[in-house]
Structure formats: C-alpha cells, structure tokens
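Keep the selection tool handy, as each stop begins with something to pick.

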Amino acid sequence: MTTIPLRVRRLQLLGALGACAVAALPLAATAQDYPTRPIRLIVPFTPGGSTDILARAIGLELGKAWGQSVVVENVPGAGGAIGAEKVAKAAPDGYTLLMGHIGTLAVNPSLYPKLPYNPLKDFTPVAWVANVPNVLVLHPATQAGNMKAFVAYAKANPGRLNYGSGGNGSAANLATEYLKMRTDISLVHIPYRGTAPAVNDLVAGQTQVLFTGVPAVIGQIRNGQLKALAVSGAARVEALPDVPTVNEALGLKDFEADQWYGVVAPTGTPDPVVAKLNQAINAALNAPELKKRLGAEGAVANPTTPEAFGKYIAAEIARWKPVITSGRVKVD
C-alpha cells in the first residue's frame with residue numbers, strides 16, 4: 001500500500017476545497033444577479049379567472065421591481081394538471097414558475113388517480129399569495145334568511161335544494177361538500193362548465209344554492225339578485241362586512257373552505273433564488289395599491305415564508321382527501 005505524503009494530501013485537500021468554491025460561484029452569481037431574462041409564470045387555467053388575475057397582478061409588480069418582464073402563460077386543461085406538469089418538468093432555475101391554487105396543489109392528488117406530478121415532491125414552495133373566501137349565496141326565493149334557517153330547511157327537505165358549481169372537483173363543489181359533511185345536510189349537485197354559467201342559472205332560479213369565491217358573485221349580491229348567508233374564512237371579508245362567517249353563523253369549530261393561491265417552482269430551484277422571489281412577492285403583496293385591490297375583490301393577501309406555505313399545502317392535501325371521498329367527487 002502506497003503512503004501519500006502529508007504535504008501532498010494537504011495540497012489535494014486545498015485543491016478540492018478550491019474546486020468546491022469555484023463550483024459555488026455560479027450559484028452565488030445566479031442568486032445575486034437573478035433575474036437576468038424574462039420569467040415565465042404559468043397559469044394552468046384559461047385567462048380571466050382569479051388565478052390569471054392574481055398572476056398578472058403579481059407579475060406586473062415583479063416587473064416593476066426588477067426591470068425584467070414576467071410573461072404570464074395560460075396552459076389550461078385537466079383541472080390544471082397540464083400546466084402544473086409543465087412547470088414540474090422545467091429547469092429548476094427560477095425562470096419557470098407556477099401560479100398554483102387549491103385545486104392544482106391540494107385537491108388534484110385525491111381527485112386524479114394518475115396525476116402526472118406530485119405537489120410535495122415536484123415543487124418548491126415560493127410564496128403564498130392570497131386566500132379568496134367562498135360565500136354561500138342563495139336565490140332570493142329560497143326559504144332561508146340566514147345560515148341556521150338554511151341548514152334547518154335543507155335537513156327538513158333532503159334533496160330538494162340544488163347547488164351549482166363550476167364543475168366536478170371545482171372549488172365550489174368541494175366547499176359545498178365540506179359544508180354538507182360538517183352540517184349533515186343533503187343537497188343535489190348540478191355541475192357546470194365554469195363558474196359563470198353556474199352563477200347565471202342561480203340568478204335565473206334554475207338552482208338555489210352556490211358556494212363560490214366572493215369575486216364571482218359580489219356584483220349580484222350588491223344589486224340584490226342573490227342573498228349572501230355566510231363566508232367560508234376565519235374572518236369576515238372587507239368586501240362583505242355584514243356577512244358572518246360560517247363559524248359565527250353556525251358555531252362550527254374551525255370551519256374554513258377558502259380558495260387559495262400561491263407560487264411554486266420546480267424542485268431543485270436554488271434556495272437563494274427562492275428567497276429572492278419570496279421577498280419580492282411579499283413586498284408586492286404589502287404594497288397599499290395591491291392590498292386595496294385584493295380587498296375590494298374579497299381576497300386576503302398572505303405574505304409569509306416558503307416554509308409556512310409548504311406546510312399549508314401538505315395540511316390542505318390531508319384535509320380535502322376525506323371530503324372528496326365522502327362526497328364521492330369525480331372529475332368530468
């Protein structure tokens with residue numbers, strides 16, 4: 001066995017350390033200079049929805065702060081799975097991001113038996129953007145003036161009330177199934193291809209109930225076409241200050257069924273790049289103009305750490321699985 005002289009071993013060690021330092025330089029430079037080119041922010045749905053609106057608002061603020069454009073790209077299909085998969089397989093360099101939401105990051109794992117991505121393994125949490133509470137609205141002719149009366153009527157008349165949603169597996173579908181599970185009421189689900197037709201049929205009296213995001217129905221609430229009974233969050237929303245939470249109205253402990261949105265990146269994205277993105281997005285969310293805009297739409301900004309957002313995603317996956325199972329929710 002050949003013995004390597006101590007001096008040679010020291011030189012080898014110094015060389016190895018030097019190589020490590022050189023290898024780390026590109027990473028440090030990447031984090032310091034990032035971004036040096038346009039960023040793609042994938043929205044896994046069609047233009048015009050809440051995910052798209054939030055993505056464009058955040059992208060605009062990031063572009064102002066960094067002098068680099070943020071290109072919002074709509075990649076709809078399969079409940080958001082097509083766009084999410086595209087980001088999961090992208091280079092982990094911070095230049096391809098996903099504006100995810102409750103469906104793509106928490107519901108799809110229990111809804112799709114062969115989902116082409118894993119929210120916990122294939123993505124790095126970047127920033128929790130906002131929550132959009134759902135609001136339970138009724139057609140004015142429905143015989144219930146408050147949540148207690150609504151629950152009592154639904155229990156006394158099982159299967160007589162129809163509730164609409166934007167489709168099987170949609171946020172409105174799941175919020176209503178969660179309410180059914182917690183209150184033991186019976187409602188008949190009428191799925192639509194999108195929220196807009198569900199709202200239109202509710203206003204026309206074709207259905208009686210809808211539990212959907214505040215922005216989708218706030219105009220109809222304000223003009224008296226629909227009556228609002230309760231919101232799904234932990235607190236009342238700025239846009240509807242007189243509407244109680246489900247917790248307040250029924251005394252249900254910890255009832256929350258909000259829609260929520262956040263940015264994730266492919267797994268392996270450098271931590272310094274994630275930290276820089278998180279800091280910039282949180283700064284945008286704290287900007288008075290954007291906070292005011294979100295509040296007017298019924299949304300609540302949630303600036304926090306990537307770690308906190310990651311824990312929330314995991315908790316939401318666990319929370320919605322039994323709702324999907326008990327409600328026998330199936331995709332279209």
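Where is Val243 found? Select Val243 and you will land in the loop between β9 and α9, the helix of residues 246-250. Bear in mind as you look around that this is a predicted model.

**Stop 1: around Val243**

Is Val243 buried or exposed? Its relative accessible area is 9%, and because anything under 20% counts as buried, Val243 is buried. Now show the neighbours: leaving aside residues up to four places away in sequence, Val243 touches Ala228, Leu229, Ala230, Val231 and Arg236. Val243 and Val273 are 30 residues apart in sequence, and in space they are 41 Å apart.

**Stop 2: the sheet**

Select strands β5 to β9 and colour each one. They form an open sheet of five strands with mixed pairing, in the order β7-β6-β8-β5-β9. Which strands are at the edges? They are β7 (188-191) and β9 (227-231), each of which pairs on one side only.

As a reminder, strands in a sheet pair through backbone hydrogen bonds, in either a parallel or an antiparallel way. For an example, pick β6 (residues 162-165) and β8 (residues 209-213), which run parallel and are joined by two bridges. Click on Tyr163 and then on Val209 in β8, which is its bridge partner.

**Stop 3: helices on the sheet**

**Stop 4: a pair of helices**

Finally, select α4 (residues 102-111) and α12 (residues 306-326). How far apart are their axes? The axes are 8 Å apart, and the helices pack at an angle of about 40°, which makes α4 oblique to α12. The crossing of α4 past α12 is right-handed.

Show the side chains to see who makes the contact. From α4, look for residues including Ile102, Leu105 and Leu111; from α12, find Phe309, Trp320 and Ile324 among them. In this contact of α4 with α12, eleven residues are nonpolar, one is polar and two are charged.

Methods. Residues are numbered from 1 along each chain as its sequence is written. This is a predicted model: local features need pLDDT of at least 70, side-chain atom pairs count only at pLDDT 80 or more; totals for chains, interfaces and linings use all residues. Side-chain values use heavy atoms; hydrogens and water are left out. Two strands pair if DSSP finds at least two bridges between them. Helices (H or I, at least four residues) and strands (E, at least two) are DSSP runs, numbered from the N terminus. Axes are lines fitted to C-alpha atoms, for helices over the stretch in contact, and angles run from 0 to 180 degrees between N-to-C directions. Angles under 35 degrees count as roughly parallel, over 145 as roughly antiparallel, 65 to 115 as roughly perpendicular and the rest as oblique. A crossing is left-handed if the near helix is turned anticlockwise from the far one by less than a right angle, and right-handed if clockwise. Contact means heavy atoms within 4.5 Å. Ala, Val, Leu, Ile, Met, Phe, Trp, Tyr, Cys and Pro count as nonpolar, Asp, Glu, Lys and Arg as charged, and the others, Gly among them, as polar. Buried means under 20% relative accessible area, exposed over 50%, partly exposed in between (1.4 Å probe, protein chains only).
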